[in-house]
Amino acid sequence: MKRVYLFCDNGMSTSMMAQRMQDVADSHNLPIECKAFSYKIIQDIIEKNTLDCILIGLQTKFLFDEINKKYGDKTPVMVIDPTDYGMMDAEKVLKKAIVQMKKFKNK
């Protein structure tokens with residue numbers, strides 16, 4: 001099971017995105033778990049789980065460098081595309097996450 005976790009400020013709209021991404025993954029029988037959390041507990045989440053991709057919501061994109069520096073050597077980190085996020089295009093976001101995971105694995 002691959003874990004694609006989204007992190008933002010409070011997780012309201014990101015929770016909706018994570019649920020839609022989970023629905024897309026489930027509809028395609030992909031072994032992917034999508035969940036959303038506040039960036040304030042990212043350390044706790046990463047200590048308890050092995051993540052396969054970290055997605056950062058638009059509200060917290062300013063944290064990309066910090067998060068990437070801290071975790072990017074073990075896990076791909078990316079900011080969710082603003083257009084995809086605004087349109088709640090979960091399928092595009094999930095596809096981009098999968099591409100990132102594949103690129104990271106082939107490093």
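For the charges on this tour, Lys and Arg count as positive and Asp and Glu as negative, while His and the chain ends are left out. Keep in mind that you're looking at a predicted model.

**Stop one: the charges.** Select those Lys, Arg, Asp and Glu residues. You'll have 17 positive and 14 negative charges, and their mean positions lie 4 Å apart.

**Stop two: the whole chain.** Switch to a cartoon view and count along: there are five helices and four strands. Starting at the N terminus, they come in the order β-α-β-α-β-α-β-α-α. The chain's radius of gyration is 12 Å, close to the 13 Å that the globule rule gives for 107 residues, so it's as compact as a globular protein of that length. Along the principal axes, the C-alpha atoms fill a box of roughly 35 × 30 × 25 Å.

**Stop three: surface and inside.** The accessible area is about 6,400 Å², with 52% of it belonging to carbon and sulfur atoms. Now hide it again: 42% of the 107 residues count as buried. If you draw contacts between residues at least 6 apart in sequence, 69% of them join residues at least 24 apart.

**Stop four: Thr-14.** Zoom in on helix H1, residues 12-27, and pick Thr-14 there. Is Thr-14 buried or exposed? Its relative accessible area is 0%, so Thr-14 is buried, the cut-off being under 20%. Next, show what surrounds Thr-14: leaving aside residues up to four places away in sequence, it touches Leu-6, Cys-8, Ala-36, Gln-59 and Tyr-85. Finish on Tyr-85, whose side chain makes a polar contact with the side chain of Thr-14 at 2.9 Å.

Conventions: Residues numbered from 1 in each chain as written. Predicted model: local features only at pLDDT ≥ 70, side-chain atom pairs only at ≥ 80, totals over all residues. Heavy atoms only, no water. Helix = DSSP H or I, 4+ residues; strand = E, 2+ residues; numbered from the N terminus. Rg over C-alpha atoms; globule rule 2.2 N^0.38 Å. Buried < 20%, exposed > 50% of the residue type's maximum accessible area, 1.4 Å probe, protein only. Contact = heavy atoms within 4.5 Å. Areas by Shrake-Rupley, 256 points an atom, 1.4 Å probe, with all protein chains shown as cover. Charge placed at Lys NZ, Arg CZ, Asp CG, Glu CD. Polar contact = N/O pair within 3.5 Å; in protein donor to acceptor, adjacent residues only side chain to side chain.
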